[in-house]
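I opened this notebook page to record what I looked up in one protein model and its ligand. The entries follow the order in which I checked each point.

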Amino acid sequence: MRHRRLAGLGAFALALSPMAAIGVGSGVMGVLVFHAPALAQRALDAPSNAVGSKSQSDEWRSVRQGVQGSVAIPNKQAGVLIQSEGEAFRAARNGPVSTYGAWVLLGVVAVLALFFVLRGRIKLQSGWSGRLVERFGSLERFTHWMTATSFVILGLGGLNMLYGRYVLKPIVGAEAFSWLTRVGKVAHNYLAFAFMLGIVLMFVLWVRENIPSRHDWQWLLRAGGFFSKHSHPPAKKFNAGQKLLFWLVILGGVSISLSGLALLFPFKISVFSGTFAFLDLFGFGLPTDLTPLQETQLSQLWHGIVGLLMIALIIGHIYIGTIGMEGAFDAMGTGKVDANWAKEHHELWAAEVQQRPAGSDD
Ligand code: HEM
């Protein structure tokens, strides 16, 4: 039993420590430097008298307003010296998105630590029976771990893009940071496909058991029994908390994948004009004539926000699947759980499994 606890603790610490380190450091992020006008300034640095009596501030104003000059190269957007939406995007990314994101991650870790101190590990009250029940088959575990591994690497790479220069660079030095960031970026591009496949497989494998049922209300009203040592609201294979996680992972996964594809193939895939046109049907009044650059900026902001929220959610999930609950890790580790664990946490499912004819693997 002791080795189970240690294994759970080790797995949790291993999965969480890099995320937590980056999250903690990001709380003390520095001030941002904004270089964009430098380019335009150089272009306006004309020799004296070249602009006659026209005031430079008029020129500057039109540049700031995004006036488009003519260029001979195929990329006509190069004629725009200052794209002010880009400045707003940059301010949002480096301001509220980074700052609130760091607080959300730190908040989740703090709440879990407090919960662990107050409530402790959720123990198996009836003890180990020594009889095992199959909970997840090999395809289910393969799907889970493929999605989980790719998600953790994608998440760490994403956190590095947002906070790495403030947190990792001072620790490992500029050269190692640059190498890590390049490797992380390439990994991010390719592992995204493993994650997307994982989301599709998870949906196909588990959607049936995640359809809401009347037991879910009872489970939610009793907060899953998490705050009382002798309460185990009845649940089928997945309880209401797990169903919520499932749907958030599927919806978040689809949303982060679409915005990610738009970033992987910029100016070829765009998702926001269409989404805004759909939302406008409900009276949102959002702009639908977005330029390709604005599409990319919105995709990047959205991708970051959804990513940060999903990381916060998964930190909670990793907690409960490792140190938070005795016996839970085995379900995804070996695929089998103790019969008493099944009875305590998924009473209705355990009864169903008992009634199944031998050899049935549904
Ligand atoms: C990396 C560390 C992770 C660990 C240690 C872990 C652990 C577990 C465990 C033990 C279960 C089975 C719970 C049960 O038997 O009731 C589970 C289920 C599940 N996991 Fe993970 N998981 C991890 C990452 C992820 C990630 C990254 C995702 C999705 C992006 C994910 C999505 C799910 C889903 C949808 C389920 C089924 C619903 C549930 O049981 O909550 N997991 N996980």
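How many residues does helix H9 have, and what distance does the helix reach from its first C-alpha to its last? I worked on a predicted model, and there I found that H9, residues 240–264, has 25 residues. Its reach from first C-alpha to last is 35 Å, close to the 36 Å expected at 1.5 Å a residue.

Entry on the burial of H9. I listed the buried residues of this helix as Ala 240, Gln 242, Lys 243, Val 249, Gly 253, Ile 256, Ser 259, Gly 260 and Ala 262. I then looked for what covers them, and the cover includes helix H7 (174–206), H8 and helix H11 (292–321).

Entry on Asp 216. I located this residue in helix H8, residues 214–221. Is Asp 216 buried or exposed? I recorded Asp 216 as buried because it has 20 C-beta neighbours inside 10 Å, and 20 or more is the cut-off for that class. Leaving aside neighbours within four places in sequence, I found Asp 216 in contact with Ala 240 and Lys 243, both of which are on the list of buried residues of H9. I also checked Pro 233, which is 17 residues from Asp 216 along the chain; their C-alpha atoms are separated by 9.1 Å.

Entry on the ligand. I noted 23 residues around the ligand, the closest being Ala 148, Phe 151, Gln 242, Gly 321 and Ala 331. H5 gives the most, with five residues. By class, I recorded 16 nonpolar, six polar and one charged residues in the shell.

Entry on the nonpolar cores. The largest core has 24 residues, of which Leu 105, Val 306, Met 310, Ile 311, Ile 314 and Ile 315 touch the most other members. I traced two or more of its residues to each of helix H4 (84–119), H5, H7, H9 and H11. H11 gives the most to this core, with 11 residues. Apart from this core I found another, of 13 residues, among them Phe 136, Ala 240, Ala 342 and Trp 349.

Entry on the whole chain. I counted 14 helices and two strands in the protein chain. Buried residues make up 25% of its 362 residues. Of the contacts with a separation of 6 or more, 74% come from residues 24 or more positions apart.

How values were computed. Residues are numbered from 1 along each chain as its sequence is written. This is a predicted model: local features need pLDDT of at least 70, side-chain atom pairs count only at pLDDT 80 or more; totals for chains, interfaces and linings use all residues. Helices (H or I, at least four residues) and strands (E, at least two) are DSSP runs, numbered from the N terminus. A residue is buried if 20 or more other C-beta atoms lie within 10 Å of its own, exposed if 12 or fewer, and partly exposed in between; C-beta atoms are placed from the backbone. Two residues are in contact if their C-beta atoms, placed from the backbone, lie within 7 Å. The expected span of a helix is 1.5 Å times one less than its number of residues. A residue is near a molecule or strand if its C-beta atom, placed from the backbone, lies within 6 Å of it. Ala, Val, Leu, Ile, Met, Phe, Trp, Tyr, Cys and Pro count as nonpolar, Asp, Glu, Lys and Arg as charged, and the others, Gly among them, as polar. A nonpolar core is a set of buried Ala, Val, Leu, Ile, Met, Phe, Trp, Tyr and Cys residues joined through C-beta atoms within 7 Å.
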